[in-house]
Amino acid sequence: MSVREEIEQLLADGRAIEAQEAARQALARHPDDATLHYLLGKACLKTEDWRGALNAFLEAERIDPDSPAVQSRQMVQEILDFYCKDYYNP
């Protein structure tokens with residue numbers, strides 16, 4: 001099983017923190033792997049680490065502009081941009 005498959009399996013099993021750690025370890029060896037950055041971003045989403053997810057997706061997008069991280073980054077950005085002013089200014 002490849003490292004990518006291992007990370008995907010950890011995510012499928014709901015083990016997001018372990019998936020993050022595996023992705024970070026793999027990125028230490030392969031820092032220019034867009035897929036690993038994308039998988040790290042997916043793992044960060046599972047733990048609601050919005051900043052970590054956004055950073056990982058941005059790095060994946062920088063390395064590979066055609067990465068699926070582009071859509072994921074846009075989704076995270078839309079989530080972060082959305083807020084209801086009435087909730088924050090009663």
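1. Accessible areas here come from the Shrake-Rupley method with a 1.4 Å probe. On that basis the accessible surface of the chain comes to about 6000 Å², and 49% of this surface belongs to carbon and sulfur atoms. Of the 90 residues of the chain, 37% count as buried.

2. The model is predicted, not experimental, and its confidence should be kept in view when reading what follows. The pLDDT of the chain averages 91, with 91% of the residues scoring at least 70. Among the elements of the chain, α2 has the highest mean pLDDT, at 97, whereas helix α6 (residues 85-88) has the lowest, at 61.

3. As to the overall architecture, the secondary structure consists of six helices and zero strands, which read along the sequence as α-α-α-α-α-α. Taken along the principal axes, the C-alpha atoms fill a box of roughly 50 × 30 × 20 Å. Among contacts between residues at least 6 apart in sequence, 44% join residues at least 24 apart.

4. At the start of α3, a side-chain oxygen of D33 reaches to within 2.9 Å of the backbone nitrogen of T35, while just after α3, E48 takes a positive phi of about 60°.

5. Which residues of α3 are buried? They are A34, L36, H37, Y38, L39, L40, G41, A43 and C44. The cover over the buried residues of α3 includes α1 (3-12), α2 (16-29), α4 (50-63) and α5 (69-81).

6. Concerning aromatic pairs, the count comes to one. Y38 and F57 form this pair, which is tilted, with 5.9 Å from centre to centre and 40° between the planes. Because Y38 lies in helix α3 and F57 in helix α4, the pair ties together parts that are 19 residues apart in sequence. Both Y38 and F57 are buried, and α4 is also one of the helices included in the cover of the buried residues of α3.

Notes: Residues numbered from 1 in each chain as written. Predicted model: local features only at pLDDT ≥ 70, side-chain atom pairs only at ≥ 80, totals over all residues. Heavy atoms only, no water. Buried < 20%, exposed > 50% of the residue type's maximum accessible area, 1.4 Å probe, protein only. Helix = DSSP H or I, 4+ residues; strand = E, 2+ residues; numbered from the N terminus. Contact = heavy atoms within 4.5 Å. Polar contact = N/O pair within 3.5 Å; in protein donor to acceptor, adjacent residues only side chain to side chain. pLDDT = per-residue confidence, 0-100. Phe/Tyr/Trp six-rings, centres within 6.5 Å; stacked < 30°, edge-to-face > 60°.
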